[in-house]
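Subject: Handing over the structure

Hello,

I am passing this structure on to you, and I hope you enjoy looking through it. Please have the viewer open while you read.

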Amino acid sequence: MMPQPSGLLTRLALLGLVIATIVATPAMALEGDAEAPVEVVADQLDLDDNAGTAVYTGDVEIQQGSMQLTGDRVEIQRNAEGQLTRATADGERAYIEQQPSPDAPLVRGWGRKVIYHVAERRVELIDRAELHQGGDTFDGAYLEYFLDRQVVQARSESEGVEDRQRVRMTLQPEN
C-alpha cells in the first residue's frame, strides 16, 4: 500500500532531520555546518519508517557544510525516538570528511566500510582503512577515531577483513 503524500512528506522531513543530526554534531563541525542544507545524491532510496532505516544506493553523496559522506551504499539508522544512532557507508572506497574548526586541519577517512556511531562520537574505518588529519596519516585493516578526544586506534587485522594489513603511521613534526 502506497503511503499518503502527507505521510511520505513527513517521513522525508524526519529523514532530513536524521541526516542533519549525523552531519552536524557540534564538537566536530564548523559553526555553520548545522545550519547548512543537507544535500543527498543517489540512484535509489529505500526508506523503512517502521524499521527506522534509510538506505541510499548508487554512488551516494551526502553533504552538509564541511561534512561529506560517500559510498556505493549508505544506510542510516535511527532509534524508536527518531534519533540517529548510526550511519554506515560501504563501497570500494567509502569516504568521510569534515573540517572540525576553522583553524584545525581537515579530517578525511577511507575504508571499504565507514561507520559513524553518533552517541559515541566515534568513526570506524574498516578494510584498507586510511585516516588523514593535516599531514598526519594512519593506515591499517581497522582504524577507530574518537572525535571528541582525537584518539586513533589502529589494528592490522579485523573481523570482515581477509588479509592482514600492517598498521602504518606518519606524524609530521610540530613547529
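Below is what I found, going from the whole chain to single residues.

Please keep in mind that this is a predicted model. The mean pLDDT of the protein chain is 80, and 80% of its residues reach 70 or more.

As for the overall build, the protein chain has 1 helix and 10 strands. Reading along the sequence gives the pattern α-β-β-β-β-β-β-β-β-β-β. Of the 175 residues in the protein chain, 42% are buried. The accessible surface comes to about 9900 Å², and carbon and sulfur atoms account for 48% of that. If you look at contacts between residues at least 6 apart in sequence, 40% of them join residues at least 24 apart.

Now to the interior. In soluble globular proteins, nonpolar side chains tend to be buried together. Here the largest nonpolar core has 25 residues, and the members that touch the most others are Leu69, Val114 and Leu125. Six strands each supply at least two residues of this core: β3 (53-64), β4 (67-78), β5 (84-98), β6 (107-117), β7 (122-133) and β8 (136-146). Strand β5 gives the largest share, with 5 residues. Another core, of 5 residues, lies apart from this one and includes Ile115, Ile126, Tyr142 and Val161.

What is Leu125 in contact with, once its neighbours within four places in sequence are set aside? The list is Ile96, Gly109, Trp110, Lys113, Val114, Glu130, Leu131, Ala141, Tyr142 and Leu143.

One of those contacts, Trp110, also takes part in the 1 aromatic pair counted in the model. The ring centres of Tyr95 and Trp110 are 5.1 Å apart and their planes stand at 45 degrees, so the pair is tilted. Because Tyr95 lies in strand β5 and Trp110 in strand β6, the pair ties together parts that are 15 residues apart in sequence. Tyr95 and Trp110 are both buried.

Asp90 lies in strand β5. Is Asp90 buried or exposed? Its relative accessibility is 17%, so Asp90 counts as buried, the cut-off being under 20%. The side chain of Asp90 makes a polar contact with the side chain of Lys113, at 3.2 Å. Leaving out residues up to four places away in sequence, Asp90 touches Gly71, Asp72, Arg73, Arg112 and Lys113.

Arg78 belongs to strand β4 and is also counted as buried, at 18% relative accessibility. Its side chain makes a polar contact with the side chain of Asp49, at 2.3 Å. Arg78 and Thr53 are 25 residues apart in sequence, and their C-alpha atoms are 6.5 Å apart in space.

At 35% relative accessibility, Leu45 counts as partly exposed. Leu45 and Val74 are 29 residues apart in sequence and 9.6 Å apart in space, C-alpha to C-alpha.

Finally, a word on the backbone. Most residues other than glycine have a negative phi. Asp59, in strand β3, has a positive phi near 50 degrees. Asp127, in strand β7, also has a positive phi, near 70 degrees. How do their surroundings compare? Asp59 is exposed, with a relative accessible area of 54%, whereas Asp127 counts as buried at 11%.

Best wishes

Definitions and conventions
Residues numbered from 1 in each chain as written. Heavy atoms only, no water. Core = buried A, V, L, I, M, F, W, Y, C linked by side-chain atoms within 4.5 Å. Buried < 20%, exposed > 50% of the residue type's maximum accessible area, 1.4 Å probe, protein only. Helix = DSSP H or I, 4+ residues; strand = E, 2+ residues; numbered from the N terminus. Contact = heavy atoms within 4.5 Å. Polar contact = N/O pair within 3.5 Å; in protein donor to acceptor, adjacent residues only side chain to side chain. pLDDT = per-residue confidence, 0-100. Areas by Shrake-Rupley, 256 points an atom, 1.4 Å probe, with all protein chains shown as cover. Phe/Tyr/Trp six-rings, centres within 6.5 Å; stacked < 30°, edge-to-face > 60°.
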